[in-house]
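Subject: Handing over the structure

Dear colleague,

Below you will find the structure that I am handing over to you, and after it my notes on what was found. Please keep it open beside you while you read.

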Amino acid sequence: MEPAKLLVQGVSKVFRDGRKPLDTLAAIDLFVNAGEFVTVIGPSGCGKSTLFNIVAGVDQPTSGIVAIDGDAQGERAGKSGYMPQQPLLLPWRTVEENIMLGLDVRRLPRKKAEREAYELLKRFGLADFAHHYPATLSGGMRQRVALLRTVLFNSSFLLLDEPFGALDALTRLSLQMWLLDLWQTFHSSVLFITHDVREAILLSDRIYVLSARPARVLRVVEVDLPRPRRSEQLALEQAVRLEQELTTLLLKEQQS
Amino acid sequence: MKLRWLAGYGPAFVLGVTLLAFWELYVRAGQISSQVLPSPTAIIQALIEHWDVISIHTMQTLLETVLGMAVAIVFGLILAITLEISRWSRRAVYPLLVISQTIPIIALAPLLLIWFGIDLGPKVFVVALYCFFPIAVACADGLADAEPELINLLKSMHASRWQILWLVRLPGAMPSFFSGLRIAATYGVTGAIFGEYVGAYQGLGIYMQLSVNSHAIVLVFAAILVTAVLSLLLFGLVSLIERIALPWYHGTVIERKLS
């Protein structure tokens with residue numbers, strides 16, 4: 001059997017900043033199979049981003065196993081396309097050059113990188129902006145560029161940390177659809193963070209609900225809405241029931 | 001657009017002209033001897049009359065300033081990068097860097113003359129000493145200012161320390177670098193004149209001193225005027241280079257042709 005794209009087993013994290021150790025993650029278990037869209041949802045400040053930093057190889061767990069493609073020993077950095085909450089585009093690079101950042105890190109020849117970046121921009125409707133600087137783009141546009149940068153670096157496994165958190169409702173919806181298009185094009189495996197229940201239901205195959213800090217998995221829900229997803233499906237009875245259930249769970253967690 | 005840019009300098013221009021007019025009238029009214037304080041028009045006249053001599057001194061001072069600034073840029077950048085790369089060197093070197101700025105250059109200049117002679121070298125050294133600090137400090141701060149999330153992003157791409165420096169920190173520090181360089185440009189000419197003042201064959205500094213000694217106050221003022229113009233020109237040049245080198249920083253969109 002093919003190993004899971006990502007396997008997280010008993011991962012905990014304790015920060016020793018100052019005198020008092022801070023328990024952030026308490027034994028998290030989760031997995032993402034190849035081609036799956038998996039979402040992690042939890043009250044704000046529960047350590048979701050810490051989990052992401054660990055999976056991305058930026059941080060190390062205090063205990064537990066993180067395996068990408070069945071490899072628990074090797075270096076994790078470079079094995080996922082990591083997109084933080086802020087778009088973090090480089091203001092001195094044009095849109096095209098920003099998208100090429102990961103290829104520059106990999107030392108791909110310039111010509112080849114440019115061609116790949118331009119193809120991607122064309123496929124996802126941003127070719128007109130290829131030579132604009134990020135400062136001239138709207139928030140939604142910047143987020144699209146950041147997403148394409150992530151995909152161009154590594155399209156097989158995407159780590160998306162609340163990518164649409166700062167956007168208005170309409171822009172957010174159009175970006176959600178755009179992301180699903182992207183996901184289907186590349187057959188990516190996705191681990192997605194959000195604190196928006198509707199967003200989680202609309203996008204995911206499976207949802208992990210985390211508790212308040214120290215975070216552990218409270219519930220795992222399979223979302224069996226048909227694909228391709230459309231926003232109207234959120235009005236289906238099963239979706240509404242799921243939304244209410246998860247919202248109640250999260251509210252209780254936020255208060256405790 | 002150009003007009004509006006000029007209009008921005010309107011108030012400064014009006015104030016400057018008013019002050020000059022007062023000065024001119026004060027001297028012309030005979031309130032003070034023109035031997036002691038020459039009028040602005042007399043200074044301009046003297047500058048034009050003596051331009052053949054003054055221009056030679058100006059070129060010398062300019063040469064020293066540009067060379068000194070070049071040295072300061074090279075060493076400032078190297079030091080800033082060193083400070084960034086090793087936390088240990090930051091702790092060790094930064095305080096020394098600040099202390100180096102407490103050395104009174106006016107006292108150091110004669111010593112340099114004794115140690116290194118009357119040639120170009122000591123002047124370039126003084127200029128470099130003046131310009132080095134703002135460049136190094138601005139650049140070091142710029143390098144350290146990179147967003148931690150951005151550094152994490154690069155780390156998640158498995159970028160090396162050098163790649164992070166080259167792809168993120170250095171380009172991000174360029175606006176700070178140019179701020180430092182602009183400050184350095186205004187210091188530089190003064191530094192060169194300090195160096196020349198204690199002894200030189202040529203240069204505006206020695207020209208001022210010779211003029212004072214022969215009571216040609218008007219020529220001292222002419223040299224001061226040239227010094228000011230030179231500093232402003234260098235400042236402007238640095239700003240111009242910055243505009244060309246960092247188009248993104250001024251929010252311009254380049255429409256590069258697709259090849």
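I begin with chain B, which, read along the sequence, follows the pattern α-α-α-α-α-α-α-α-α-α-α. Its secondary structure comes to 11 helices and 0 strands, where helices (H or I, at least four residues) and strands (E, at least two) are DSSP runs, numbered from the N terminus.

Before going further, please note that this is a predicted model, in which local features need pLDDT of at least 70 and side-chain atom pairs count only at pLDDT 80 or more, while totals for chains, interfaces and linings use all residues. Residues are numbered from 1 along each chain as its sequence is written, and chains are lettered from A and ligands numbered from 1 in the order in which they are written.

Taken along the principal axes, the C-alpha atoms of chain B fill a box of roughly 75 × 55 × 35 Å. Of the 259 residues of chain B, 32% count as buried; a residue is buried if 20 or more other C-beta atoms lie within 10 Å of its own, exposed if 12 or fewer, and partly exposed in between, with C-beta atoms placed from the backbone.

Two helices of chain B deserve a look together. Helix α8 (residues 148–156) of chain B packs with helix α9 (residues 161–197) of chain B at an angle of about 130°, their axes being 11 Å apart; the axes are lines fitted to C-alpha atoms, for helices over the stretch in contact, and angles run from 0 to 180 degrees between N-to-C directions. α8(B) and α9(B) are therefore oblique to each other, since angles under 35 degrees count as roughly parallel, over 145 as roughly antiparallel, 65 to 115 as roughly perpendicular and the rest as oblique. Where they meet, B:L150, B:I151 and B:L154 in α8(B) touch B:Q163, B:I164, B:L167 and B:V168 in α9(B), a contact being two residues whose C-beta atoms, placed from the backbone, lie within 7 Å.

The contact between the chains takes 22 residues from chain B and 24 residues from chain A. On the side of chain B that touches chain A, α8 and α9 of chain B each supply at least two residues, and the largest share, 7 residues, comes from α8(B).

Chain A is divided into domain 1 (6–80 + 154–255) and domain 2 (87–153), with bounds that come from an automatic or database domain assignment. The centres of these two domains of chain A, taken over C-alpha atoms, are separated by 25 Å, and their contact takes 13 residues from domain 1 of chain A and 9 residues from domain 2 of chain A.

Which residues touch the most other members of the largest nonpolar core? They are A:V55, A:I99, A:L148, A:L159 and A:L191, out of 71 residues, a nonpolar core being a set of buried Ala, Val, Leu, Ile, Met, Phe, Trp, Tyr and Cys residues joined through C-beta atoms within 7 Å. Helix α5 (residues 139–153) of chain A gives the most to this core, with 7 residues. Leaving aside its neighbours within four places in sequence, A:L191 is in contact with A:L6, A:V32, A:V38, A:V40, A:V55 and A:L159.

Finally, helix α1 (residues 48–55) of chain A is mostly covered, for 7 of its 8 residues are buried, including A:F52 and A:V55.

With best wishes
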